[in-house]
Amino acid sequence: MTGTLTIWTYDWVPPGPRGFVRDLRLRWAAEEAGLPYEVRAVPFEERATNHLDRQPFGQIPFIADGDVRIFESGACLLHLARKNRKLTPEDGPGAAETVQWTIAALNSIEMATVPWWFLKISGREDDGLTQWMGARLDQLEAVLRAREWLVADRFTVADLIMADVLRVPQVRAHGERPATEAYVARLTSRAAFQKAHADQIAHFAAADGARPRAG
Ligand SMILES: N[C@@H](CCC(=O)N[C@@H](CS)C(=O)NCC(=O)O)C(=O)O
């Protein structure tokens, strides 16, 4: 394989998660960085061996970039950032803080928000988890009240992943956090996000036509 970046997603998903499937993070990063990329698909309904060889949990996204083949959206984002200075400062404290906030988005915020909204949409919202997530979001609100970007007065991949974690509608609707809301609105109004989002919606919509209709 040559140096073309390939981002894998599913061939189809139901309408609900469209616009939120995690290949969007990687499309968005590639768009921000001006990196050429192609998107390929694995079946949503049957997780085949060649999929599990690339992503042992049967999930997406995963990427190929030259001889690099990796999964986990955060690892993929940090890999892309290492190649492109539009996504991170090159070195020094800014580079380290970009890694720090990327991990914080995944390991301090998303680790609370994802279980919370899974339980919420299945009608089993848990009070302890709600309070824990609320505290995390309040702490982040205090950070975002004081700054426009997470790192060094500039956009980085840490903002991309933090905004992607925070933009889930149920999370956005939980409590009043004006700095967080303004931050998410600012990030998701970027042209690169808009293109990545529209492309993902189009990708899944195109697959609808090829599927037998229920009933
Ligand atoms: N930690 C993984 C999570 C990946 C993930 O949850 N992918 C979802 C799509 S957004 C998926 O494949 N869900 C289907 C499943 O878990 O079987 C990452 O960030 O890459």
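Contact here means heavy atoms within 4.5 Å of each other. With that in hand, welcome to this predicted model, where local features need pLDDT of at least 70, side-chain atom pairs count only at pLDDT 80 or more, and totals for chains, interfaces and linings use all residues. Residues are numbered from 1 along each chain as its sequence is written, and side-chain values use heavy atoms, with hydrogens and water left out.

- Serine 73 is in helix H3; helices (H or I, at least four residues) and strands (E, at least two) are DSSP runs, numbered from the N terminus.
- Serine 73 counts as buried because its relative accessibility is 6%; buried means under 20% relative accessible area, exposed over 50% and partly exposed in between, with a 1.4 Å probe and protein chains only.
- The side chains of serine 73 and arginine 25 are joined by a polar contact of 2.9 Å. A polar contact is a pair of N or O atoms within 3.5 Å; within protein, one must be able to donate a hydrogen and the other to accept it, and residues adjacent in sequence count only if both atoms are side-chain atoms.
- Serine 73 is also among the residues that surround the ligand, together with Tyr10, Val21, Arg22, Arg47, Gln59, Ile60, Pro61 and Glu72; a residue is near a molecule or strand if one of its heavy atoms lies within 4 Å of it.
- On its own, the ligand has 510 Å² of accessible area, and the protein covers 72% of it. Accessible areas come from the Shrake-Rupley method with a 1.4 Å probe; for residues, only the protein chains shown count as cover.
- Where does the ligand sit? The ligand is found in the largest pocket. A pocket, worked out on a 1 Å grid over the protein atoms alone, is an open set of points with protein on both sides within 12 Å along at least five of seven lines; a molecule sits in a pocket if more than half of its atoms lie within 2 Å of its grid points.

**From proline 61 into strand E3**

- Isoleucine 60 and proline 61 are joined by a cis peptide bond, with omega about 10°.
- Proline 61 belongs to the loop between helix H2 (49-54) and E3.
- Phenylalanine 62 lies in strand E3, which covers residues 62-65. Phenylalanine 62 counts as buried, because its relative accessibility is 2%.
- Not counting residues up to four places away in sequence, phenylalanine 62 touches Thr6, Ile7, Trp8, Val42, His51, Arg54, Gln55, Ile70 and Phe71.
- Phenylalanine 62 and threonine 9 are 53 residues apart in sequence, and their C-alpha atoms are 7.5 Å apart in space.

**Leucine 80 in helix H3**

- Leucine 80 lies in helix H3, residues 73-83, and is buried because its relative accessible area is 1%.
- Beyond residues up to four places away in sequence, leucine 80 touches Leu5, Leu26, Ala29, Leu35 and Leu87.
- From leucine 80 to tyrosine 183, the separation is 103 residues in sequence and 23 Å in space, C-alpha to C-alpha.

**Serine 108 in helix H4**

- Serine 108 has its place in helix H4, residues 92-121. Serine 108 counts as partly exposed because its relative accessibility is 28%.
- Leaving aside neighbours within four places in sequence, serine 108 is in contact with Ile103 and Arg136.

- Alanine 152 has a positive phi of about 50° although it is not a glycine, and alanine 152 is in the loop between helix H5 (127-145) and H6.
- Aspartate 153, in the loop between H5 and H6, has a positive phi of about 55° and is not a glycine either.
- Is aspartate 153 buried or exposed? Aspartate 153 is exposed, because its relative accessible area is 72%.
- Aspartate 164 lies in helix H6, residues 157-166, and counts as buried because its relative accessibility is 5%.
- The side chains of aspartate 164 and arginine 167 make a polar contact of 2.6 Å.
- Setting aside neighbours within four places in sequence, aspartate 164 is in contact with Leu24, Arg25 and Trp28.

Key. 1 Å grid on protein atoms, 1.4 Å probe; cavity = no way out; pocket = protein on both sides within 12 Å on 5 of 7 lines; lining within 4 Å.
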